[in-house]
Protein chains: 2
Amino acid sequence: MLKTHHCGQLGTAEIGQTVVLNGWVQRRRDLGGVLFIDLRDRSGIVQIVFGPEYSGEALQIGDRSRNEYVLAVKGTVVERDAETVNANLATGQIEVRITEIEILNSAKNPPFFIEDGIEIDESLRLKYRYLDLRRPEMQRTLMLRSQAAKIFRNFLDDQSFIEIETPILTKSTPEGARDYLVPSRVHPGEFFALPQSPQIFKQLLMVSGMERYYQIARCFRDEDLRADRQPEFTQVDIETSFMSQEQLLSMMEELMAKLMKETVGVDISLPFQRITYADAMGKYGSDKPDLRFGMELKDVSDIVSQSGVKVFASVVEKGGQVKALNAKGCASWSRKEIDDLGPFAARYGAKGLAWIQVKDGEMKGPIVKFFSEEEMASLKERLDAEEGDLLLFSADTKKIVADVLGNLRLKIGRELGLINESEFKYAWVVDFPLLGWDEDAKRYVAEHHPFTRPMEEDVHFFDTDPGQIRAQAYDLVLNGYEVGGGSQRIYQRDVQEKMFTALGFSPEEANEQFGFLLEAFEYGTPPHGGIALGFDRLVMLLSGRSNLRETIAFPKTASATDLLSNAPSEVESKQLEQLSIRIARKEKADRSV
Amino acid sequence: MLKTHHCGQLGTAEIGQTVVLNGWVQRRRDLGGVLFIDLRDRSGIVQIVFGPEYSGEALQIGDRSRNEYVLAVKGTVVERDAETVNANLATGQIEVRITEIEILNSAKNPPFFIEDGIEIDESLRLKYRYLDLRRPEMQRTLMLRSQAAKIFRNFLDDQSFIEIETPILTKSTPEGARDYLVPSRVHPGEFFALPQSPQIFKQLLMVSGMERYYQIARCFRDEDLRADRQPEFTQVDIETSFMSQEQLLSMMEELMAKLMKETVGVDISLPFQRITYADAMGKYGSDKPDLRFGMELKDVSDIVSQSGVKVFASVVEKGGQVKALNAKGCASWSRKEIDDLGPFAARYGAKGLAWIQVKDGEMKGPIVKFFSEEEMASLKERLDAEEGDLLLFSADTKKIVADVLGNLRLKIGRELGLINESEFKYAWVVDFPLLGWDEDAKRYVAEHHPFTRPMEEDVHFFDTDPGQIRAQAYDLVLNGYEVGGGSQRIYQRDVQEKMFTALGFSPEEANEQFGFLLEAFEYGTPPHGGIALGFDRLVMLLSGRSNLRETIAFPKTASATDLLSNAPSEVESKQLEQLSIRIARKEKADRSV
């Protein structure tokens, strides 16, 4: 009995038809000798009815079925009586009266309910992922993911992009995150690495004249995981030759507009706001600002540097800064509520958190007395402070101030309900610094990656002050998440060599690691650039989930384990012998979510 | 100067227009102060002209360019004089007179010509793959590959398949080929394995009710490589629930018809021929027969078993067989030509190769005298032997006879020009045996894989003669290549357990390896089945190439190395420490193609 229809798609149009359905028992009710079963497949649920008047035999067999049994049934679609119509069910106007049934498979009672919104330990869901994925919200998310991939591909195909697969077994490069390694059997003592991104290969494809490349590519990073990280993740990987940064950004905006329209039915306005890295950090304390609300940070260093607040004055003197944000209407917070912000700020490095309430027509709080009237007036003006506001101050290095106030801004904005959760606010962050100083390693590291093209007018800084160089790099942010990042690439050997030198590579090291790329640059490399979009994260935001694991069919836990198959696992010693490796240390580690 | 047009797409329609082109210098000719350059991009080639009358400055700069320089040029499209029209060039009716030029990048002289049909060492092509991929035939192949992926996806999307990504970091399973392993940093002493196929995950997706799944999936096998193997390869991976084998096969036929039509413009007739495994082995000595020509093998055991040819009689007595094929018109071959078949046959295990010429109205050859007239007449009739034919005999075990004559058939068929190289002949091979006896391991092994469903009517043989069980398995063959393979899957725990027992697994071992799958079978698993199509091989056959490496952007050599990046390579000892492994043995191994 092979299905002729999908459960969820039956309606009044099929009344009178004989249909065959295949699906799972969602629930069953026995009402005085008549058996009602909600039968579920990927498309939805339909009520099927067994009664002696349709088929006594079918009723008898149907009666043996339990939740999650797999059934094949044949029956007639009939209209329900007006009083039994179920308005909550897409198929609620009809039911199917069953004349034949085959139980295709039985089922034990599942460890959790196959329905949306269950609140159970995620470990249990992951162990029984094949049951978890039966739940409609998981099926919807995976279908949205499939649809999103299709939209990306169709758009890029239409723009003459060619989909090209790059290797998964590649070469280990020490720059960047930790590599996953794969021992080689044929070459004892040598290893492949799983790619952190197809970066070098996509650049080589540009050298090879493919002009427009894309790939929905699996990438790997052996990093300690957070809620929004997975050891293997997927990116929409794009690279083009002969396009300006502006052309690429516009094209990506059209792509995102199409994605939003076709998946969640939202029209977004183009072009996206462009904000420089300096502005993003300055105003929002973040290079991935959530622009769904304002509440900008204000630099008050100039106002407070001469004030009686010693710590402010000394921070400014040491080259740090003092910034503040205005929590509108929060002057009414209790002392405890305000004090509770301290430990939160401390997580981001704050040594303290000063505050001023604008209340009962005056400024109140422990630090008020250290300010002159003039200083106070300037602060009020700078911070647009009005009756009822709470002003929060952070004084520290630029980085810590940004972290502290940026995170306070998000926390308070969320608590005050300033964020429209149904809004999708995209922006480009541009003009990133090319290099950042690594205090531990005492050297510069690439902010984006070592192949990012510096701004023409900043190249001369390589010789004098590399930290000043701005990159032709751009991040796409959505609601406070980085959902894409890219850059124009270096395509001239001498510039690439300058970059490697700035990163502390000797010419020999640069050659050892990237010699083939440097050599490629000598054979007619076109100007090129590209971007990688975080596919998992985009799907997460589009489907309104808050965890990447909800968007991946078979995700791994924070301890990088698959609770379903129990990978990783011990292997046979013969396998290790063949790979010419030995285990140096065994240890049972935590495998939880 | 950003391109307004593609080089290869300019034609008479653009005459008079000012265009900007970006591309590579294919070649240059200086004809009395006028410079002609063939400018190449992905779309093709166009002739651009520099002369003092268009722009002296442009001529001067253009003159500095050499082969493979990257240029941006602006100029006017003009019609060529009748006598200078180049009929061999798609753009041969026009040329572009250049008024502005920028040399975007210079190029050293490449190590081989950037053109089709070059005959150079493949190692050099792989080392400079970024130049090799500039050659039009490589670009065409990669574009065809991209187009084929799109056709597969569109077809499957239209049939309500959902694209779902399955993990690359999975669990090692000892059944099947050798796994690539990935040491876990978080779990010292444990390993992930790269998937040989998404088999278990796609079955779990069926358990989860996704009903129709597909993925163009990267798979990995650490096997010794041949010309048509790569350590990482791509398959179009498909799984469905609630479909019969026949429904799936028909759907795949439509898919292949669409693929053929849209990529190479060939109409193929449906349905494909279905041939049982027994027939394929019997008639063609192969489970992936090339059906573009006949020349079937004939069993003559009954005729020769009583003959005076001792070796024939004794082979039949020992349970072996004697088969023959008729090489039509080859009686004229010299004795040396015939003798040369011996070493060829020996490669496939033949201890000798007997033959009879039908020549000058009689049967000739060393063994003729051992046959009675009756036997000879029977042979002639069975083999349809006529004047001019050469009959070749192999006597051995069934397997060796099939190998020897199957390969002789292909060799001679090719030499006789019996194969229409432009034909695409698909067929399904069905009714495979479920299990094969492994003489070394002294146990049964799965012919397809351990999840293949036995034919209902053969299940009882598990208890008596497992070798008799036929599988609900099917291979798709094209011109002598296996381009796909699949099966209906076991979906009942008790049948799966019988299968594991037949394969020699103890219940504990089965649980250790596949416990999660066995458990999944208890929660309402639908009947399901699927197929995997060999994407690389299909692209190879569609593009008329003879080597998988020609279809992959960055392939590996037969020694599993990437000659471009030089992967695999040694890694830093710190990396190994973090992974808690040590190298047991180092050795420099051959890295060649």
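## A shared surface

In this predicted model, 100% of the interface residues of chain B are also interface residues in chain A, so the copies meet through the same surface. The contact involves 130 residues of chain B and 130 residues of chain A. Together the two chains bury about 11,400 Å². Carbon and sulfur atoms account for 57% of that area.

Polar contacts link 69 residue pairs between chain B and chain A, counting pairs with both residues at pLDDT 80 or more. On the side of chain B that touches chain A, helix α4 (residues 136-158) of chain B gives the most, with ten residues.

## Strand β4 of chain B

Strand β4 (residues 70-79) of chain B has ten residues, and seven of them are buried, so the strand is largely enclosed by the rest of the structure. Buried here means under 20% relative accessible area.

β4(B) pairs with strand β1 (residues 18-31) of chain B. That pairing is antiparallel and spans seven bridges. Within it, B:L21 has B:V73 of β4(B) as its bridge partner. β4(B) also runs antiparallel to strand β5 (residues 94-105) of chain B, joined by ten bridges. There, B:L71 stands opposite B:I103 of β5(B).

## An open sheet of five strands

Chain B also holds an open sheet of five strands. The order is β12-β13-β16-β14-β15, and the pairing is antiparallel. Which strands stand at the edges? They are β12 (298-299) and β15 (362-364) of chain B. Each has a single partner strand, so one side of each is left without a neighbour in the sheet.

B:K298 has B:A324 in β13(B) as its bridge partner. Strands of a sheet pair through backbone hydrogen bonds, either parallel or antiparallel.

Notes: Residues are numbered from 1 along each chain as its sequence is written. Chains are lettered from A and ligands numbered from 1 in the order in which they are written. This is a predicted model: local features need pLDDT of at least 70, side-chain atom pairs count only at pLDDT 80 or more; totals for chains, interfaces and linings use all residues. Side-chain values use heavy atoms; hydrogens and water are left out. Two strands pair if DSSP finds at least two bridges between them. Helices (H or I, at least four residues) and strands (E, at least two) are DSSP runs, numbered from the N terminus. Contact means heavy atoms within 4.5 Å. Buried means under 20% relative accessible area, exposed over 50%, partly exposed in between (1.4 Å probe, protein chains only). Buried area is the accessible area (1.4 Å probe) that two parts lose on being put together, summed over both. A polar contact is a pair of N or O atoms within 3.5 Å; within protein, one must be able to donate a hydrogen and the other to accept it, and residues adjacent in sequence count only if both atoms are side-chain atoms.
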